[in-house]
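Grab a pencil and work through these exercises with the structure open beside you. Try each task before you read its solution.

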Amino acid sequence: MIEKQLKKIRMKQICVLGDVMLDIFSYGSINRISPEAPVPVLDIEQENGHLGGALNVCNNLISLGAKTEIIGVLGDDFEGYRLESLCEQAGINKQGLIRDSDRVTTCKTRYFDKEEPLFRVDREQRIAIPEKIERKLATEVRRALRNADAFILQDYNKGVLTPGLIKSTLSYAKEMDVPVFVDPKFENVEYYAGAFFIKPNQREAESIINRKIGCVEDAQAAAEELFQKLSAQHILLTMGSEGMILKSADQNLYLPAHYIEMADITGAGDTVIAALSAFHSIGLSPAESAEKANLAAARVCSYPGVSAVTREMLLQDR
């Protein structure tokens, strides 16, 4: 059954609008102390660049077999060109990437002494994009929606998803009858009201409802409150190792997490929103799509670091 579903996903086009990032992993070794100051010197031996942020969602969609396009903002810098090159290598349509010479490309560099993490350096601007860039993105959104089977808003609060752009995207999508899936952050949550699917994690949900979620019953009550507050057709509240809650008009369903002996949840949220939209695009119900997203998250969490869910992962142990 799932093999046939994965074949159908190949025919689907899913677009992603959000904050794009370059993730760099730098590995080296520390063998000496600097003569300039009493600090260790890391000799870099290997450096890897990866698609991050909203582009990791695209990477998951590509891995599942879907066609995808990214819409977002780059700086006019080396990191921006590097991201474009990585998009080309991955098979992601980058037509919707807009350059802003007044902005830097978000870049997160992680340094390791062999396999031991040392620290992370972030280079980014978290201010809202200017109106002229917002208008350009809105034009790209309208164009991309014409051929989209689903549309994802991937928000990391880096300034791309402004209230104006969120409103125009939801309006265009409604006009063209394209379901919008939202992975929100803490700011601008109220502007996502009316989206087809909104997927907050536990921390985001607690921020929205202003109270802690301590058990499954709390989570189901929170999902009910979010459903009313955000006027979404569906809410998927994710809770890591505690599973997920799907709230729709006719159900409040608890999906237990799949057991994993050693779990790394890095990037799992990106996998969930990608799988959720991909499986829904081929006609699965919200509950069936959430089940597949739950399975996809478990598969990627069994691998260290950020991994995209693959068709092979979902086909194993059927």
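**Exercise 1: the cysteines**

Solution: A disulfide is a pair of cysteine sulfur atoms within 2.5 Å. Next, look at the whole structure: the search turns up zero disulfides. Cys15 is in none either, and its nearest cysteine sulfur, in Cys58, is 8.6 Å off. Finally, check accessibility: Cys87 has 0% relative accessibility, so Cys87 counts as buried (under 20% relative accessible area, with a 1.4 Å probe and protein chains only). Cys15 also has 0% and therefore counts as buried.

A quick note on the model: it's predicted, so local features need pLDDT of at least 70 and side-chain atom pairs pLDDT 80 or more, while totals for chains, interfaces and linings use all residues. Residues are numbered from 1 along each chain as its sequence is written, and side-chain values use heavy atoms, leaving out hydrogens and water.

**Exercise 2: two helices**

Task: Work out how helix 4 and helix 5 are oriented to each other.

Solution: First, take the angle: helix 4 (residues 131–145) packs against helix 5 (residues 163–176) at about 20°, with the axes 10 Å apart. The helices are therefore roughly parallel (angles under 35 degrees). Now list who touches whom, with contact meaning heavy atoms within 4.5 Å: helix 4 brings residues including Leu137 and Val141, and helix 5 brings residues including Leu165 and Tyr172. Sorted by type, the contact residues are eight nonpolar, three polar and three charged.

Technical notes:
Axes fitted to C-alpha atoms, helices over the stretch in contact; angles between N-to-C directions. Helix = DSSP H or I, 4+ residues; strand = E, 2+ residues; numbered from the N terminus. Parallel < 35°, antiparallel > 145°, perpendicular 65-115°, else oblique. Nonpolar A, V, L, I, M, F, W, Y, C, P; charged D, E, K, R; others polar. Buried < 20%, exposed > 50% of the residue type's maximum accessible area, 1.4 Å probe, protein only.
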